[in-house]
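Please follow the residue names in the viewer while reading.

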Amino acid sequence: MLFRQLFDKESSTYTYLLAEQQTQEAILVDPVLEQVERDLQLLRELGLSLRYCLETHIHADHITGTAKLREMTGCLGIVPDKAQASCANRHIQDGEILKLANMKIEAIATPGHTDSHMAYLVNQDKVLTGDALFIRGCGRTDFQSGDAGILFDSVTQRLFTLPDETLVYPCHDYRGHGVSTIGEEKRWNPRFVGRDRQNFIEFMASVDLPEPKKIMEAVPANERCGKLLFSR
Ligand SMILES: [Fe+2]
């Protein structure tokens, strides 16, 4: 299986390219609009055809590349169950397995950052954690129906129960990390180590972050799979 981690510097977003060499079919997870040309070129160079664009959640900090990639390649857009995106071709449910040749991608409901967030377990050994779990951090819970208690439950009951050696690939990183493991995060993630649910809720309430620059533009655009009302 081919697995690539791609980065958008402006929003510090990781996009993941997953492909089955046997059939040359590919999936992009959390594509970024400004990086569509890069992604299309890479697909061309690797001789891959894009089957799906898969979102971990409706993002507030960048606009998804799904609508443009769908236009250019005819791929299908998949979003988590209950995500407000009627433009999607398909919604994926907790526990559902998306198959592409020998590749298996299992959706794990991990709400808390938003109320309809999925992590994706790829072939049992890598988990794309979206904005639920970052390397030594986690997604914020102060907008988009975020809920710190629910995020604590998602991380401790759904992600930290995966085998310790599972590789952790987040949707964002702000400190230069690329990959971690579940065991490493259980041991060293300062948001969770030594905290119970109540303590985590209090801590998240004390984190004072500015709103993402693009929130007013990104959320409504992402509810249309990244289709802009006005071209820019
Ligand atoms: Fe997010």
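## The second largest pocket

The residues that line the second largest pocket divide into three nonpolar, five polar and three charged, where Ala, Val, Leu, Ile, Met, Phe, Trp, Tyr, Cys and Pro count as nonpolar, Asp, Glu, Lys and Arg as charged, and the others, Gly among them, as polar. This lining is made up of Ile58, Lys82, Ala83, Gln84, Thr114, Asp115, Ser116, Gln144, Ser145, Val219 and Glu223, and the volume of the second largest pocket is about 150 Å³. Pockets and cavities are found on a 1 Å grid over the protein atoms alone: a cavity is a set of points where a 1.4 Å probe fits but cannot get out, a pocket is an open set with protein on both sides within 12 Å along at least five of seven lines, and lining residues have an atom within 4 Å of a point. Grid points are joined across faces, edges and corners, and a volume is the space filled by probe spheres set on the points.

The model is predicted, and local features need pLDDT of at least 70, side-chain atom pairs count only at pLDDT 80 or more, while totals for chains, interfaces and linings use all residues. Residues are numbered from 1 along each chain as its sequence is written, and side-chain values use heavy atoms, with hydrogens and water left out.

The largest pocket holds about 720 Å³ of space. Its lining comprises 32 residues, of which Ser11, Asp61, Arg140, His172 and Tyr174 lie nearest its centre, and by class these linings count 11 nonpolar, eight polar and 13 charged residues.

Two cavities of 30 Å³ or more are found when the whole structure is searched. The largest cavity, with a volume of about 40 Å³, is lined by Arg140, Thr141, Asp142, Met204, Val207 and Leu209, which divide into three nonpolar, one polar and two charged. The second largest cavity also has a volume of about 40 Å³; Glu55, His57, Ile58, His59, Thr64, Val79, Asn222 and Cys225 form its lining, with three nonpolar, four polar and one charged residues.

## The six-stranded sheet

Six strands form an open sheet in the order β7-β8-β9-β10-β13-β14, with mixed pairing; strands (E, at least two residues) and helices (H or I, at least four) are DSSP runs numbered from the N terminus, and two strands pair if DSSP finds at least two bridges between them. At the edges lie β7 (97-100) and β14 (180-181), each of which pairs on one side only. Helix α3 (residues 148-159) packs on the sheet and touches β8, β9 and β10, its direction making about 140° with that of β8. Contact here means heavy atoms within 4.5 Å, and axes are lines fitted to C-alpha atoms, for helices over the stretch in contact, with angles running from 0 to 180 degrees between N-to-C directions.

Strand β9 (residues 118-122) is largely enclosed by the rest of the structure, because five of its five residues are buried, that is, under 20% relative accessible area with a 1.4 Å probe and protein chains only. Met118, Tyr120 and Val122 lie on one side of β9, Ala119 and Leu121 on the other, and both faces are covered. Strand β8 (residues 103-109) runs antiparallel to β9 and is joined to it by five bridges; Ile108 has Ala119 as its bridge partner, and Glu106 stands opposite Leu121.

On the other pairing, three bridges join β9 to the antiparallel strand β10 (residues 126-130), with Val122 opposite Lys126. The two strands form a hairpin with three residues between them, and Asn123 in the turn has a positive phi of about 45°. In β10, Lys126, Leu128 and Gly130 point one way and Val127 and Thr129 the other, and all are buried. Strand β10 also pairs with β13 (residues 167-170) in the parallel sense over four bridges, where Val127 stands opposite Val168.

Definitions and conventions
Buried < 20%, exposed > 50% of the residue type's maximum accessible area, 1.4 Å probe, protein only.
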